[in-house]
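Let's walk through this one together, from one end of the chain towards the other, with a few stops on the way. Keep the viewer open as you read.

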Amino acid sequence: MTARPVNLKAPNGKEYLQPTGIFIDNEFVQATDPKSTITSIDPATELEIVKVQAATPEDVDKAVKAAKRALKSPSWKKLPATDRGKLMAKLADLMEGERELLATIDAWDNGKPYSVALNEDLPEAIGTIRYYSGWADKSHGQTINTTPEKFAYTLRQPIGVVAQIIPWNYPLSMACWKLGPALACGNTVVIKAAEQTPLSILVLGTLIQKAGFPAGVVNIINGFGREAGAAMVQHPLVDKVAFTGSTATASQVMKMAAPTLKNVTLETGGKSPLLVFEDSDLAQAVKWSHYGIMSNQGQICTATSRILVQDSVYDRFVAKFRSQVKEVSKIGDQWDPSTFQGPQVTREQYERILSFVDIGKSEGATLVEGGCAHTGSQGKGFYIAPTVFTDVSSSMRIYKEEVFGPFVVIRTFSTEEEAIDAANDTTYGLGAAVFTKDLERAHRVAAEIEAGMVWINSSQDCDFRIPFGGVKQSGIGRELGEAGLEAYTQVKAVHVNMGNKL
Ligand code: ADP
């Protein structure tokens with residue numbers, strides 16, 4: 001049965017039709033259990049925006065079967081790669097045309113400032129689809145000579161039906177990071193948004209429909225992780241799982257994918273270090289270290305949440321960092337153009353961050369900024385005052401565990417060796433930043449740090465042309481850039497006998 005869209009008006013006055021169903025075979029259908037819903041909440045007002053349908057395992061089965069049919073259908077399988085790229089470019093153009101609407105929905109649903117959604121998230125999401133549209137007809141195999149009588153060639157073929165599970169911190173960008181390479185390589189997809197941010201991906205579904213993708217190539221579901229997410233990972237017709245979320249869930253995903261030996265790529269958490277050496281441009285180090293943990297409400301998997309400062313400049317750095325926190329962290333709702341920090345995504349996340357404040361205090365660290373809720377613009381909302389702890393030691397939980405909020409710990413080091421040891425003293429390995437004017441040191445330290453990405457004199461650079469991913473417990477595989485294609489193709493070797501009849 002077709003699911004009816006709902007007419008919504010966002011606080012910034014934007015009106016639109018919000019689909020509420022499950023997007024299977026290019027149609028928005030009712031979930032099998034109509035009572036199973038997800039309520040989207042505006043984190044600034046704590047008011048309900050709308051309810052959408054939550055997929056049951058039965059719905060997941062339907063979506064996966066639609067993806068399987070599409071995989072075999074000539075309208076996708078035999079579509080020339082160049083035309084596949086054209087469909088993706090069309091989708092990017094349609095998204096461009098709806099930029100303001102899509103940014104409105106993500107700001108409303110997630111709590112991020114509208115200006116950030118419009119000027120950072122959307123260009124990244126659209127850019128990723130457009131970038132991978134160009135790759136669709138450029139992913140080639142090789143010819144490999146062996147003996148005069150024999151040679152082989154390789155075909156790069158799609159992996160098949162891909163289950164993609166994404167988080168809530170960048171709803172559209174995360175969807176596009178996953179969809180871009182998967183579609184460029186000719187796979188079909190069942191993608192699940194996070195239950196905290198179910199809205200924008202459904203509107204993306206309407207654009208996928210409009211762009212002219214064959215039915216079943218992209219299927220979009222909302223649903224709870226333990227129910228719908230788990231059903232996707234375990235489904236026997238799913239060939240690959242691509243997951244972004246917490247390390248704990250990633251570990252469960254790997255376990256659930258094990259019995260059917262699915263190809264799995266994971267992008268998980270971090271406790272990324274930012275190193276400030278005494279010869280660095282302190283003003284720049286302060287600016288970037290603040291941005292690296294306080295932007296996006298600190299809800300960034302690559303957040304540089306452990307700042308390590310050489311002892312000779314430590315006091316000056318901390319003083320300047322605290323001033324930066326006071327000056328830049330304008331807290332307010334999503335719609336005020338001067339807002340730097342909006343509310344956290346949910347009450348659960350807000351409470352979790354506050355519980356880490358208590359943990360930090362009880363562990364004996366010194367709270368120098370924040371450490372409490374912040375009254376939002378309307379006396380409601382999940383706002384947290386930017387929080388800074390000093391006097392932390394490596395055994396403390398606030399130093400080791402990912403908080404996922406505007407919450408940072410600052411420590412000293414004395415030598416380069418000590419800095420590298422401290423940076424690597426973590427089970428994670430996602431990002432790392434190094435501030436120094438010494439060119440040799442910058443590259444030496446970058447090479448030594450155990451992380452998938454290192455920023456020199458910067459933090460949080462991310463570009464769809466550049467590989468993104470982690471080492472250690474921060475993930476398996478890479479997204480974005482040419483490296484991102486690896487996750488979505490199989491290499492088939494074809495051996496050719498030209499005359500050796502033995
Ligand atoms: P967070 O703690 O940041 O919400 P999660 O790892 O729990 O991160 O969630 C990330 C994504 O994983 C979401 O789409 C969520 O629904 C999904 N998810 C959560 N638990 C499971 C699970 N057991 N199996 C599959 N997906 C899950």
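Which residue in strand 2 does Val6 stand opposite? Val6 stands opposite Gln18. Before going on, two notes on the ground rules. Residue numbers start from 1 along each chain, following the sequence as written. This is a predicted model, so local features need pLDDT of at least 70 and side-chain atom pairs count only at pLDDT 80 or more, while totals for chains, interfaces and linings use all residues.

Back to that first pair. Strand 1 (residues 6-9) and strand 2 (residues 15-18) run antiparallel and are joined by four bridges. For the terms: helices (H or I, at least four residues) and strands (E, at least two) are DSSP runs numbered from the N terminus, and two strands pair if DSSP finds at least two bridges between them. Together, strand 1 and strand 2 make a hairpin with five residues between them. In its turn, Gly13 has a positive phi of about 95 degrees.

Most residues other than glycine have a negative phi. With that in mind, look at Glu46, which is not a glycine but has a positive phi of about 65 degrees. You'll find Glu46 in the loop between strand 5 (37-41) and strand 6 (48-53). Glu46 counts as partly exposed, because it has 15 C-beta neighbours inside 10 Å. The scale here uses C-beta atoms placed from the backbone: a residue is buried if 20 or more others lie within 10 Å of its own, exposed if 12 or fewer, and partly exposed in between. Gln460 is another non-glycine with a positive phi, of about 75 degrees. Gln460 sits in the loop between strand 20 (453-456) and strand 21 (475-476), and counts as partly exposed with 19 C-beta neighbours inside 10 Å.

Pro198 is found between strand 10 (188-192) and helix 7 (200-211). Leaving aside neighbours within four places in sequence, Pro198 is in contact (C-beta atoms, placed from the backbone, within 7 Å) with Ile38, Ser40, Val52, Ala193 and Asn222.

Now for the ligand. How many residues surround the ligand? There are 16, and the closest are Gly225, Gly229, Gly245, Ser246 and Thr249; here a residue is near if its C-beta atom, placed from the backbone, lies within 6 Å. Helix 8 (225-234) and helix 9 (247-257) are the elements that give two or more residues to this shell. Helix 8 gives the most, with five residues. By class, the shell has seven nonpolar, six polar and three charged residues. In this scheme Ala, Val, Leu, Ile, Met, Phe, Trp, Tyr, Cys and Pro count as nonpolar, Asp, Glu, Lys and Arg as charged, and the others, Gly among them, as polar.

Helix 9 deserves a look of its own. Its buried residues are Thr249, Ala250, Val253 and Ala257. Viewed down the axis of helix 9, these buried residues line one face, because they fall within an arc of 100 degrees, counted from the directions from the helix axis to the C-beta atoms. Their cover includes helix 8, strand 12 (240-244) and strand 13 (263-267). On the other side of helix 9, Ala248 and Lys255 are exposed.

Zooming out, the domain assignment, which is automatic or from a database, gives domain 1 (6-30 + 50-269) and domain 2 (273-463). The contact between them takes 15 residues from domain 1 and 16 residues from domain 2. On the domain 1 side, helix 4 (99-110) and helix 5 (114-135) each give two or more residues, and helix 4 gives the most, with three.

The last stop is strand 19 (residues 431-435). Five of its five residues are buried, so strand 19 is largely enclosed by the rest of the structure. In a regular strand the side chains alternate between the two faces of the sheet. For strand 19, both faces are covered: Gly431, Ala433 and Phe435 are buried on one side, and Ala432 and Val434 on the other. Strand 14 (residues 273-276) runs parallel to strand 19 and is joined to it by three bridges, with Leu274 opposite Ala433. Strand 19 also pairs in the parallel sense with strand 20, over four bridges, and there Ala432 stands opposite Val454.

Terms used
Contact = placed C-beta atoms within 7 Å.
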